[in-house]
Amino acid sequence: MKITFLGTGASPGIPMLGCECSVCVSPNSKNKRLRASILVQNNGFNFLVDASSDLRQQCLKNGVKNVDAIFFTHHHADHILGIEELRAFYFFQKKAIPCYGNEETFEEIKKTFHYIFQPTDYQGTVSQLDLLPVNGEPINFSELKIKPLEIDHGSLKIIGYKFNNVAYVTDCNNVPEKTEPELKGLDLLILNALRYKPHTTHFNFEEAIKTVERLKPKRVLFTHMNHEVDHETANKEVPAPIELAYDGMTVEI
Ligand SMILES: [Zn+2]
Ligand SMILES: [Zn+2]
Ligand SMILES: [Zn+2]
């Protein structure tokens, strides 16, 4: 399995429009973060976790030419606005893209992208999605077993996904008790760490580090970071086995 970080940024992206802080103006390419999303490739299949607002440039930059399925974590704008860009894949693939997620995510997607789900003169030229609600049961694609896991994002119940023994948990501020055993002893945990200050719906660095200490994964990559986080400084400060992910980073596992 190969994982590519398409984006590792918090919702505004980094640099943030109008901001002149040291991270936003930094020339270090690792301080340039598009909206959070990963590409998971296995046995010739391309899977996306979320369709970020930056999906078009993420796919161009990383040579993504087709998408076999999308796993949605939740409906917040930074995680779904790329749905509009999926129309280009439909022109070539000619079939609806299977999309996994919970009912709440799908209700919000249907509101935001109402034109996709209504009869229109433009049928065939808009994105076509096949919405497949997850129910906690694993989804299998060849040798890859994908397990949806319930995660807390403030009061919102969202989904983390486990791909064999690798988990992607973004926009989390609490791991529910029933999910915790699924996240113990992973080969790789990709976890959100928004910033240093506490936040009501996201782990800050301290909380994310405490969670890692409890779950004891072999390797950890932090993502969904905002402009308070300078890559080189934070990457030196975090304890092993944590590292900061950056846009374009790939991991073979
Ligand atoms: Zn987010
Ligand atoms: Zn800034
Ligand atoms: Zn969110």
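Biologist: Does His 79 count as buried or exposed, and at what relative accessibility?
Modeller: The model is predicted: local features need pLDDT of at least 70, side-chain atom pairs pLDDT 80 or more, and totals for chains, interfaces and linings use all residues. Residues are numbered from 1 along each chain as its sequence is written, chains are lettered from A and ligands numbered from 1 in the order written, and side-chain values use heavy atoms without hydrogens or water. Buried means under 20% relative accessible area, exposed over 50% and partly exposed in between (1.4 Å probe, protein chains only). His 79 therefore counts as buried, at a relative accessibility of 0%.

Biologist: Which protein donors hold the zinc ion (ligand 1)?
Modeller: Donors are N, O and S atoms within 2.8 Å of the metal (3.2 Å for Na, K and Ca); water is absent, so sites may look incomplete. The donors of this zinc ion (ligand 1) follow the spacing D-H-x91-D-x52-H along the chain. Lying 2.2 to 2.3 Å from the ion, they are Asp 78 (OD), His 79 (NE2), Asp 171 (OD) and His 224 (NE2).

Biologist: Which residue coordinates both the zinc ion (ligand 1) and the zinc ion (ligand 3)?
Modeller: These two zinc ions are 3.6 Å apart. The residue that coordinates both is Asp 171.

Biologist: What arrangement do the 4 donor atoms around the zinc ion (ligand 2) make?
Modeller: The protein donors of this zinc ion (ligand 2) are Cys 19 (SG), Cys 21 (SG), Cys 24 (SG) and His 227 (ND1), at 2.0 to 2.3 Å from it. The donor atoms subtend angles of 103 to 114°, so the arrangement is tetrahedral.

Biologist: How many residues apart are Cys 21 and His 227?
Modeller: The donor residues of the zinc ion (ligand 2) are spaced C-x1-C-x2-C-x202-H in sequence. Cys 21 lies in the loop between β1 (2–7) and β2 (37–42), and His 227 in the loop between β12 (220–223) and α6 (231–237); helices (H or I, at least four residues) and strands (E, at least two) are DSSP runs, numbered from the N terminus. The pair thus links distant parts of the chain, and the separation in residues is 206.

Biologist: Is Cys 21 buried or partly exposed?
Modeller: Cys 21 supplies its SG atom to the zinc ion (ligand 2). With a relative accessible area of 23%, Cys 21 is partly exposed.

Biologist: Which residue in the turn between β7 and β8 has a positive phi?
Modeller: Strand β7 (139–141) pairs with β8 in the antiparallel sense over 3 bridges; pairing requires at least two DSSP bridges. Asn 140 has Lys 145 in β8 as its bridge partner. The two strands form a hairpin with 2 residues between them, and phi is about 55° at Ser 142.

Biologist: Which residue in the turn between β8 and β9 has a positive phi?
Modeller: β8 and β9 run antiparallel and are joined by 8 bridges, with Ile 151 opposite Ile 158 in β9. This hairpin also has 2 residues between its strands, and phi is about 65° at Gly 154.

Terms used
Four donors count as tetrahedral if all angles lie between 85 and 135 degrees; four count as square planar and six as octahedral if opposite donors are over 155 degrees apart and all others between 65 and 115; anything else is irregular.
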